[in-house]
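Dear colleague,

Please find below the structure that I am handing over to you. My notes on it follow, and I would be grateful if you would read them beside the coordinates.

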Amino acid sequence: MKTYTCICGNTLFFENSRCMQCQRPVGWCPGCDRITTLLDLGNHHYQCGYTDCQTLLTQCHNYRVHQVCNRCIPTSEVESAQSLCDYCQYTDTIPDLSISGNKQRWYDLEVAKRRLLYTLDVLNLPFGHADFDVPLSFDFKGDVILKDALWRTLGKGKRVFTGHADGKITINIREADDEVREQLRVDLNEAQRTLIGHFHHEIGHYYWQLLVKNIWLNHFKDLFGDPSSPSYSEAMDQYYANGPSKDWQQQYVSAYATMHPWEDFAETFATYLDMVSVLHTTRHHQRGAATRYVQTAEFDDMIAAYRQLGILLNELNRTLGLIDFIPEVFTPFIINKLRFIHQLVRSTQSRQVGHSKIA
Ligand SMILES: [Zn+2]
Ligand SMILES: [Zn+2]
Ligand SMILES: [Zn+2]
Ligand SMILES: [Zn+2]
């Protein structure tokens, strides 16, 4: 992610809604695609603080009222006081705000979702609303616990499963609780488990349906296997009964990817988005020798840069006793799958008119 500059000279970050130095409100300007100082014109109207932009802005409803967003809408496009920004429009269901802690969970989920959508915009990947081939939307929901049954195990119908179905991405809001997520990571023997990781994975299922299913299926089968044999439910039963094969690291980015070709694709797609966002950040900050590779969009250069960065970042994390920054091992099998995803992304870019919203 890039960093930005307040008119007071302070550095601004993607998540900021206030400058920590001058205390002015800040937010995302869709006129110049930057986090900007919001110059207060009164009556909830603002102006972008960059002199080369100066777009007139109104805060997203979720920014002004709930403080879970930091994006603005060009004032000329605001239809009502409830108008949502380009990213909040994709959230269909928000957590029950009468429950203590849910506001913070919603905030954390929206932060991760904004990072996801930003990365999709960097890649110029298509996504859209109701009139789109596969309309994208998000539900952030908690398990329903009946007051008189708190001590019982939840029935299946009351439990929210994180997943993707026909463009709808559902995230169980418990994933926003650090202790719950870390316990699940340990129980499931995962190298990492983060909110951004969930979004990177589930959007992989979305792009399978949007891009692979009808166009690239044969090429997909060659690399990931046939998704119809065994069926998804058979594969899931087998995985939870027997676990992954012993030498899964040779062919898969994670143990979970071994379950079924769809999960393999989603896990590999998530790794690709990790790679793109890490390299995008590195390019902006121009740190380290690896940046010379980062300037190009060629896959071999990208993977070389990412592996080189991975050695440095993993060693830095180990210096502080943190888990590995880049846990994947890039074997030839895995590189071929990532290359397929890169080709898929490039093919959609070449079909679209114009360039990425964010350079
Ligand atoms: Zn400032
Ligand atoms: Zn601007
Ligand atoms: Zn918003
Ligand atoms: Zn999945």
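Arg-105 and Asp-177 are both buried, a term used here for a relative accessible area under 20%, with exposed meaning over 50% and partly exposed anything in between (1.4 Å probe, protein chains only). This is a predicted model, in which local features need pLDDT of at least 70 and side-chain atom pairs count only at pLDDT 80 or more, while totals for chains, interfaces and linings use all residues. Residues are numbered from 1 along each chain as its sequence is written, chains are lettered from A and ligands numbered from 1 in the order in which they are written, and side-chain values use heavy atoms, leaving out hydrogens and water.

Salt bridges

Side chains of opposite charge can pair when their charged atoms come close. The structure holds 18 salt bridges, each being a side-chain nitrogen of Lys or Arg within 4 Å of a carboxyl oxygen of Asp or Glu. One of them joins the side chains of Arg-105 and Asp-177, at 2.8 Å from N to O. Arg-105 belongs to helix H2 and Asp-177 to the loop between S11 and helix H3 (178–187), so this pair ties together parts that are 72 residues apart in sequence. Helices (H or I, at least four residues) and strands (E, at least two) are DSSP runs, numbered from the N terminus.

Lys-168 takes part in two further bridges that I wish to describe. Its side chain meets that of Asp-92 at 2.7 Å, N to O. That pair links distant parts of the chain, with Asp-92 in strand S8 (residues 91–93) and Lys-168 in strand S11 (residues 168–172), 76 residues apart. Lys-168 also forms a salt bridge with Asp-139, where the closest N and O atoms are 3.0 Å apart. Here too distant parts of the chain are linked, since Asp-139 lies in strand S9 (residues 137–141), 29 residues from Lys-168. As for accessibility, Asp-92 is exposed at 51%, Lys-168 is partly exposed at 21%, and Asp-139 is buried at 8%. Asp-92, Asp-139, Lys-141 and Lys-168 are linked in a network of salt bridges.

Glu-328 is buried yet has no salt bridge; Arg-307, its nearest side chain of opposite charge, is 10 Å away. Glu-328 is found in the loop between helix H8 (299–319) and helix H9 (332–351). Leaving aside residues up to four places away in sequence, Glu-328 touches Val-253, Thr-271 and Asp-274, contact meaning heavy atoms within 4.5 Å.

Aromatic residues

Rings of Phe, Tyr and Trp (its six-membered ring) pair if their centres lie within 6.5 Å; planes under 30 degrees apart count as stacked, over 60 as edge-to-face and the rest as tilted. The count by this rule comes to 23 aromatic pairs. Phe-224 and Phe-265 have ring centres 5.6 Å apart and planes at 65 degrees, so they form an edge-to-face pair. Phe-224 lies in helix H4 (residues 195–224) and Phe-265 in helix H6 (residues 261–285), so the pair ties together parts 41 residues apart in sequence. Phe-224 and Phe-265 are buried.

Phe-265 and Phe-269 have ring centres 5.8 Å apart and planes at 40 degrees, so this pair is tilted. Phe-265 and Phe-269 lie four residues apart in helix H6, about one turn of the helix, and both are buried. Ring pairs link a cluster whose members include Tyr-206, Trp-216, Phe-224, Phe-265, Phe-269 and Phe-340.

Helix H2 (residues 102–122) has 21 residues and reaches 30 Å from its first C-alpha to its last, close to the 30 Å expected at 1.5 Å a residue. The expected span is 1.5 Å times one less than the number of residues. Of the 21 residues of H2, 16 are buried, so H2 is largely enclosed by the rest of the structure. Asn-124, with a positive phi near 60 degrees, follows H2.

H6 has 25 residues and reaches 36 Å between its first and last C-alpha, close to the 36 Å expected. H6 is mostly covered, with 20 of its 25 residues buried. Gln-286 follows H6 and has a positive phi, near 55 degrees.

With kind regards

Methods: Lys and Arg count as positive and Asp and Glu as negative; His and the chain ends are not counted.
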